[in-house]
Amino acid sequence: MNINRYQVNKQGVGQFDGGRITEQKPIGFPGEGSEVKRVGPLFYWAWAKSEKEGYIPLHPHQGFEIITYVISGKAEHGDTLGTKSTVGPGGLQVMQTGSGVSHEEGFVGPDMQGFQIWFEPHLTKALKRKPSYQQYHAEDFHVVTSEGIRVKEILGYESPVDFVTDASMWDIDVRNGYTYEHHLATDRSLSILVLSGEGNINDTEYKMKDFFVIEADEESKVSIAVRKDTRIIAIEVPSTVNYPLFRK
């Protein structure tokens, strides 16, 4: 098992609307400063923040499955399918962009935080599908709690989201003094973004804003031992896929 830590200076940055929206990019586009270019079909990951309000005007997408997951504040969405929607904390917007769709985005505070994450299905097949939009609120997701640990499944077996790309995603809270364990199968990769807290992932220290990519060449156990209350977003995907990936 390989564990790679990328502190914030190894991640990319971006902004929109004259700096009203700022982004930390664990996985970015070329030229944005992200050391990680992709993890299997996990193509792009931006942590967006807006103190008050920011707007991204209408722009096109094709092929990719794009999610917006809200931590705080609100995310507003409009698209050429006729959709107008808003989701609040814990909510999710899902665009399967298929043959093509354009959308506009609003990030509304105070202190809005959210993620836009792109996943790559087989693009040749995806471009033949009609684009679609799905929306979910915090209460729509499966949550498992045990002493000191809370796990919310955003993508995966217990998720309501109908997704094409092989991907699972969790929002995980672990209190000080507890340990969360994740079993990672052979040829799977786990990406972890630390929203808050301190501790160790196996033998590697983590702090707030760190990004980790963990690759398993055999069945492995990932242990997150917490010494300061921690919240992470974790995404598991295959390390390789049996279809061509977009050249980035």
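Predicted model: local features only at pLDDT ≥ 70, side-chain atom pairs only at ≥ 80, totals over all residues.
Q: How many salt bridges does the structure hold?
A: Let's start with the general idea. Side chains of opposite charge can pair when their charged atoms come close. In this model the count comes to 12 salt bridges.

Q: Which residue does Arg38 meet in a salt bridge?
A: Arg38 pairs with Glu120, with N to O at 2.9 Å. Now look at where the two sit: Arg38 is in the loop between β3 (21-27) and β4 (42-50), while Glu120 is in the loop between β9 (101-119) and α1 (123-126).
A: Glu120 counts as buried, at 0% relative accessibility, whereas Arg38 counts as partly exposed at 21%. The cut-off that matters here is 20%, with buried lying under it.

Q: Which residue forms a salt bridge with Arg231?
A: That would be Asp171, and the closest N and O atoms are 2.6 Å apart. Arg231 lies in strand β18 (residues 220-238) and Asp171 in strand β13 (residues 168-174), so the bridge ties together parts 60 residues apart in sequence. As for accessibility, Asp171 counts as buried at 2%, and Arg231 is partly exposed at 22%.

Q: Where are Arg227 and Glu205, the two partners of another pair?
A: Arg227 is in strand β18 and Glu205 in strand β16 (residues 204-206), 22 residues apart. Their closest N and O atoms are 2.7 Å apart. Arg227 is partly exposed, with a relative accessible area of 39%, and Glu205 counts as partly exposed at 32%.

Q: Which residues are linked in a network of salt bridges?
A: Glu23, Lys25 and Glu32 are joined that way.

Q: On to the backbone. Which peptide bond is cis?
A: Check omega for the bond from Gly109 to Pro110: it is near 15°, and the bond is cis. Pro110 itself sits in strand β9.

Q: What is the phi of Asn202, and what is the phi of Lys209?
A: Both get flagged for a positive phi although neither is a glycine. For Asn202 the angle is about 50°, and this residue is in the loop between β15 (188-201) and β16. For Lys209 it's about 80°, and Lys209 is found in the loop between β16 and β17 (211-215). On accessibility, Asn202 is partly exposed at 26%, and Lys209 is partly exposed at 30%.

Technical notes. Residues numbered from 1 in each chain as written. Heavy atoms only, no water. Salt bridge = Lys/Arg side-chain N within 4 Å of Asp/Glu carboxyl O. Helix = DSSP H or I, 4+ residues; strand = E, 2+ residues; numbered from the N terminus. Buried < 20%, exposed > 50% of the residue type's maximum accessible area, 1.4 Å probe, protein only.
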